Amino acid sequence: METSENPRDPLEGLRLRVVLDTTTICNLRCRQCFHSLYHVRGLRYRQNEMPPALFEKILDDLAGHVGSLILSCSAEPFTNSDFHRYLAIVRRRVPSVEKWIATNGLLLTEALARDLIETGLDWMVVSIDGARRETYNAIRVGGDFDRLMSRLDLFNRVKAEMGSERPYLRFNVTLSRANLDDLPLFVDLAREKQAAEVTFQHLIPFRGLNQKRETLFYENRRKVREVFDRTRERARQLNVRLGDLREIPTPLQCFGDLLADVARRLLTPVSSVEPLPTEAVACRQPWQTVAFTPRAIVAPCLNWLDEPPMGNIAQQSFREIWQGEAYRRLRAELSGAFPLRRRCAECLQMARRSVGRHTFEEQDLVPYEM
């Protein structure tokens with residue numbers, strides 16, 4: 001029985017999705033990506049790598065609380081020439097947790113593929129925004145579709161030689177008008193390259209990249225539905241698992257969702273006590289996820305971008321950060337005790353049940369200093 005003298009430890013039973021970027025840069029200049037803002041605005045763009053000692057400190061601080069580990073978030077992990085060292089640390093510190101990596105795949109080598117398999121990686125997520133050479137090369141500037149195909153073939157060959165089913169391969173696609181016609185072809189490509197799943201996310205337009213009208217909000221709704229339906233049917237035929245293709249609702253549906261959200265917030269009691277996540281909370285990431293940048297900045301999700309950090313893991317313990325005021329305030333906002341900050345209000349995660357005009361408004365972003 002809990003008492004005031006013996007309160008329950010907030011970290012007891014905690015199992016988190018832990019995201020670690022070990023570098024700051026990417027080898028591509030994708031048209032829609034925030035990395036391109038550095039070049040558009042003439043900002044300094046340089047590589048900063050997470051010190052291996054900091055990587056170990058994070059895993060030590062989180063000992064017993066890592067439910068899954070994602071070894072990249074907003075940069076290309078294989079630009080880190082010392083990536084093998086981090087994989088060796090993972091093998092020592094968290095050998096049995098679920099492990100993911102997100103990459104564009106272009107820098108994958110045979111040595112890296114073998115190291116990923118030996119580390120026990122469960123999933124390799126490859127960002128691929130075109131299923132045809134002309135689409136891919138136009139969107140993922142600096143990339144080469146044929147090279148990516150050869151890297152995927154290498155990956156599958158090494159898995160076969162090592163007798164390993166894992167890492168499973170997943171394609172992740174940023175939806176835009178430029179690649180809408182490719183959607184059914186992604187399913188065929190997934191079958192050809194032995195990808196277990198294809199997932200999708202809507203393009204988030206950043207101010208300065210001129211991508212707002214490339215979002216599907218500005219595409220003919222009937223065409224979008226038809227392509228989505230054909231993609232789902234092709235996936236059913238080829239037995240390829242497909243992520244959520246979220247439809248863009250009509251203006252009337254958007255208005256109805258707005259009214260429902262207002263009603264929910266009016267009926268949610270305001271409390272000075274940090275609320276717990278409920279099914280009514282659209283975003284549960286501040287209770288389930290923690291992300292770390294190479295410079296030790298801590299964020300509550302993958303879309304935090306230029307929001308104030310939750311803390312600095314080089315200067316604080318994880319416990320101090322997790323129980324700190326920044327995290328407590330954010331959880332209270334998401335539970336309805338306070339108004340949402342703009343970053344959350346415009347986030348696609350908050351639009352899990354509806355995708356509307358606000359989802360596709362240009363977002364201001366001040367890139368962090370490299």
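The following legends describe close-up views of a predicted model.

**Figure 1. Overall composition of the chain.** The predicted chain holds 13 helices and 10 strands. Of its 370 residues, 51% are buried. Contacts between residues at least 6 apart in sequence were also sorted by separation, and 74% of them join residues at least 24 apart.

**Figure 2. Helix α2 and the elements that cover it.** Helix α2 spans residues 52–61, and its buried residues are L54, F55, E56, I58 and L59. The elements covering these buried residues include the strands β1 (16–20), β2 (66–70) and β8 (289–292), together with helix α3.

Figure 3. L20 belongs to strand β1. Its relative accessible area is 0%, and L20 is therefore classed as buried. When residues up to four places away in sequence are not counted, L20 touches M50, F55, I58, L59, L69, I70, L71, S72 and F292. Among these neighbours, F55, I58 and L59 are also listed as buried residues of helix α2.

**Figure 4. Packing of helix α3 with helix α4.** Helix α3 (residues 83–93) and helix α4 (residues 110–118) have axes that come within 10 Å and cross at roughly 10°. Because of this angle, α3 is roughly parallel to α4. The crossing of α3 past α4 is left-handed. On the α3 side the contact involves F83, H84, L87 and R91, and these residues meet A111, L112, D115, L116 and E118 of α4. By residue class, the contact of α3 with α4 comprises five nonpolar, one polar and three charged residues.

**Figure 5. Packing of helix α4 with helix α6.** The axes of α4 and α6 also come within 10 Å, with a crossing angle of roughly 50°. This angle is the reason why α4 is described as oblique to α6. Here α4 passes α6 in a right-handed crossing, whereas the crossing of α3 past α4 is left-handed. In α4, the contact is formed by E110, A113, R114 and I117, which meet L154, F155, R157, V158, K159 and E161 in α6. The residues of the contact of α4 with α6 divide into five nonpolar and five charged, with no polar residue.

Figure 6. The buried residues within α4 are L112, A113, D115, L116 and I117. Their packing partners are α3, β3 (98–103), β4 (123–127) and α6 (145–161). Of these buried residues, L112, D115 and L116 take part in the contact with α3, while A113 and I117 take part in the contact with α6. After α4 comes G120, which has a positive phi near 85°.

**Figure 7. Cysteines of the model.** A disulfide is a covalent bond between the sulfur atoms of two cysteines. The search of the whole structure finds zero disulfides. C30 is accordingly in no disulfide, and the nearest cysteine sulfur to it, that of C33, is 5.9 Å away. The relative accessibility of C30 is 7%, so C30 counts as buried. C301 likewise counts as buried, because its relative accessibility is 13%.

Figure 8. The peptide bond from R166 to P167 is cis, with omega near 5°. P167 is located in the loop that joins α6 to β5 (168–175). Q194 is a residue other than glycine with a positive phi, near 65°. The loop that contains Q194 lies between α7 (183–192) and β6 (197–202). With a relative accessibility of 54%, Q194 counts as exposed. N210, too, is a residue other than glycine with a positive phi, in this case near 55°. N210 is placed in the loop between β6 and α8 (221–238). The relative accessible area of N210 is 68%, so this residue is exposed.

How values were computed: Residues are numbered from 1 along each chain as its sequence is written. This is a predicted model: local features need pLDDT of at least 70, side-chain atom pairs count only at pLDDT 80 or more; totals for chains, interfaces and linings use all residues. Side-chain values use heavy atoms; hydrogens and water are left out. Axes are lines fitted to C-alpha atoms, for helices over the stretch in contact, and angles run from 0 to 180 degrees between N-to-C directions. Helices (H or I, at least four residues) and strands (E, at least two) are DSSP runs, numbered from the N terminus. Angles under 35 degrees count as roughly parallel, over 145 as roughly antiparallel, 65 to 115 as roughly perpendicular and the rest as oblique. A crossing is left-handed if the near helix is turned anticlockwise from the far one by less than a right angle, and right-handed if clockwise. Contact means heavy atoms within 4.5 Å. Ala, Val, Leu, Ile, Met, Phe, Trp, Tyr, Cys and Pro count as nonpolar, Asp, Glu, Lys and Arg as charged, and the others, Gly among them, as polar. Buried means under 20% relative accessible area, exposed over 50%, partly exposed in between (1.4 Å probe, protein chains only). A disulfide is a pair of cysteine sulfur atoms within 2.5 Å.
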